[in-house]
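Hi,

Here is the structure I promised to pass on. Have a look at it first, and then read on for what turned up.

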Amino acid sequence: MQMTKEDVLLDQQQYHFLFMLTAREAEVSHGPDASLTLRDTDPKALYMTARPGRDRAFISTDRFMKTWMKNTPAFALNAPRVSFLHSQMKIDADNVSQAVSINIFDPGEAGGGWQFKLGTKGNDLPGGRYEGIILFIDWAPATGSPPEPIRLELPSLFGDVLRRDRET
């Protein structure tokens with residue numbers, strides 16, 4: 001099925017952001033206090049978007065995480081989809097690995113790294129130590145205003161949107 005001009009226009013008006021965090025290692029624990037702890041995290045987090053305009057840049061991982069920590073309710077209401085990749089992932093017969101979908105929330109600082117609570121979706125990720133970590137943190141496309149976590153993380157991109165929202 002081919003997209004109409006209206007479909008393309010609507011698609012281009014949606015806000016869609018992806019953030020990427022990398023770390024040298026992670027520790028996953030399960031049980032009542034299930035958690036994901038990142039250690040030796042890259043000081044830069046990459047973000048990118050293809051809509052409503054193409055933009056990509058690095059922001060401080062420290063800033064990204066502290067914004068999330070200070071605004072946990074906004075992040076809980078607009079929870080991102082998160083994929084976990086690591087350097088020892090198994091590959092299939094076609095040399096393809098599948099990222100593990102996880103649910104992380106309530107971040108905090110932990111011994112020079114970052115720790116998240118790990119939701120039940122993380123049960124597909126066995127407990128233990130992992131190396132060469134990439135977290136893809138993806139907010140589903142939204143029409144209208146960008147999701148609040150994105151506005152908090154990248155306020156300079158939405159000056160006009162923020163002003164318009166305050167005026168209404």
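From the N terminus on, the elements of the protein chain follow the order α-β-β-β-β-α-α-β-β-β-β-β-α-α, that is, 5 helices and 9 strands. Please keep in mind that this is a predicted model.

Among the contacts in the protein chain with a separation of 6 or more, 67% come from residues 24 or more positions apart. The accessible surface of the protein chain is about 9800 Å², and carbon and sulfur atoms contribute 52% of that.

Now to the aromatic side chains. Searching the whole structure gives 9 aromatic pairs. One of them joins Phe17 and Tyr47, with 6.3 Å centre to centre and 35 degrees between the planes, so the pair counts as tilted rather than stacked, the latter needing planes under 30 degrees apart. Phe17 belongs to strand β1 (residues 15–29) and Tyr47 to strand β3 (residues 44–51), so this pair ties together parts that lie 30 residues apart in sequence.

One more item for your list is a charge over a ring: the charged end of Lys44 sits over the ring of Phe58, at 5.4 Å from its centre.

Best wishes

Key: Residues numbered from 1 in each chain as written. Predicted model: local features only at pLDDT ≥ 70, side-chain atom pairs only at ≥ 80, totals over all residues. Heavy atoms only, no water. Phe/Tyr/Trp six-rings, centres within 6.5 Å; stacked < 30°, edge-to-face > 60°. Helix = DSSP H or I, 4+ residues; strand = E, 2+ residues; numbered from the N terminus. Lys NZ or Arg CZ within 6 Å of the ring centre and 35° of its normal. Contact = heavy atoms within 4.5 Å. Areas by Shrake-Rupley, 256 points an atom, 1.4 Å probe, with all protein chains shown as cover.
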